[in-house]
Amino acid sequence: MQTNPVKQLRVNLSVIAATIALWVTLLVTAPSMAHAQVSSTITKPVSSTPKTSVVNISITDSEVLDAQKAWGEALVNISTTYDQEGMAAARTLAKKVIDELYAYQSGLVLFKPTLTTGDQTFRTTRKGALSYFVGGDSSFPQDTGFALKGWRKVEIRNAGIFIDGNTATTMGNVDITDKTGKVTTVDKTWQFIKGNNGKLRIIVHHSSLPYSPK
């Protein structure tokens, strides 16, 4: 039996029209469906944790200022301890200060103190840093103990602070006043790193006397 060509054409056109109508419907409703899915999505912690844990080790400017203040207070504390309790107590405190404020336990610290020369200019080890602050180490015969000079006050004046993630670099002047009222000013650069425990420690410390043109 032969198929009527006209009738077959009508059937084909009906199928095509129905297909086009279906695609148009899908295109029109898809955005609203997607929007409904997005708006109905919520985030919540797992049932065993009432609050989502977030780890953020970026440094804030207030943390930098606190770290600088801690260094100044530590210097004064070593000086007053030496004057009141003697060398042994000052050395014990200096060890504690270095371990708390510097990152020698992690390896290298780039420490260039104010009053060092020659092949002992840079104190990249804990041993060298301790000798600079309190002296008494035959390996560093020129050290007389910078922290033992009767310091009573430290004022830090930052020229700028640059923070990048978990590190912060500062540059400026530090005025240190001794027990006679004499003020010594040094140019100082620090770089701090924030560990996973949230504590800032010094990884770079450069100090020098201001340039005086002749």
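The buried residues of helix 4 pack against helix 2, helix 3 and strand 1 (110-112), contact being defined as heavy atoms within 4.5 Å and helices (H or I, at least four residues) and strands (E, at least two) being DSSP runs numbered from the N terminus. These residues are Gly 128, Ala 129, Leu 130, Ser 131, Tyr 132, Phe 133 and Val 134. Because seven of its nine residues are buried, helix 4 is largely enclosed by the rest of the structure; buried denotes under 20% relative accessible area, exposed over 50%, and partly exposed the range in between (1.4 Å probe, protein chains only). Gly 135, which follows helix 4, has a positive phi near 65°.

The model is predicted, with local features requiring pLDDT of at least 70 and side-chain atom pairs counted only at pLDDT 80 or more, whereas totals for chains, interfaces and linings use all residues. Residues are numbered from 1 along each chain as its sequence is written, and side-chain values use heavy atoms, with hydrogens and water left out.

The protein contains four helices and five strands, in the order α-α-α-β-α-β-β-β-β from the N terminus. Of its 214 residues, 32% are buried. Among contacts with a separation of 6 or more, 49% involve residues 24 or more positions apart. The accessible surface, from the Shrake-Rupley method with a 1.4 Å probe (for residues, only the protein chains shown count as cover), is about 13,900 Å², and carbon and sulfur atoms contribute 59% of this area.

Beyond residues up to four places away in sequence, Phe 133 touches Trp 71, Ile 98, Tyr 102, Phe 111, Gly 145, Phe 146, Ala 147 and Leu 148.

Lys 194, in strand 4, is buried, with a relative accessible area of 9%. Its side chain reaches the backbone oxygen of Ser 58 at 3.2 Å. The Lys 194 side chain also makes a polar contact with the side chain of Glu 63 at 3.0 Å; a polar contact is a pair of N or O atoms within 3.5 Å, where within protein one must be able to donate a hydrogen and the other to accept it, and residues adjacent in sequence count only if both atoms are side-chain atoms.

Seven salt bridges were counted, each being a side-chain nitrogen of Lys or Arg within 4 Å of a carboxyl oxygen of Asp or Glu. Asp 83, Arg 152 and Lys 179 are linked in a network of these. The closest N and O atoms of Arg 152 and Asp 83 are 2.6 Å apart; this pair joins strand 2 to helix 2 across 69 residues. Lys 179 and Asp 83 form a salt bridge at 3.5 Å, with Lys 179 in the loop between strand 3 and strand 4, 96 residues from Asp 83. Lys 179 is exposed at 54% relative accessibility, whereas Asp 83 is partly exposed at 32%.
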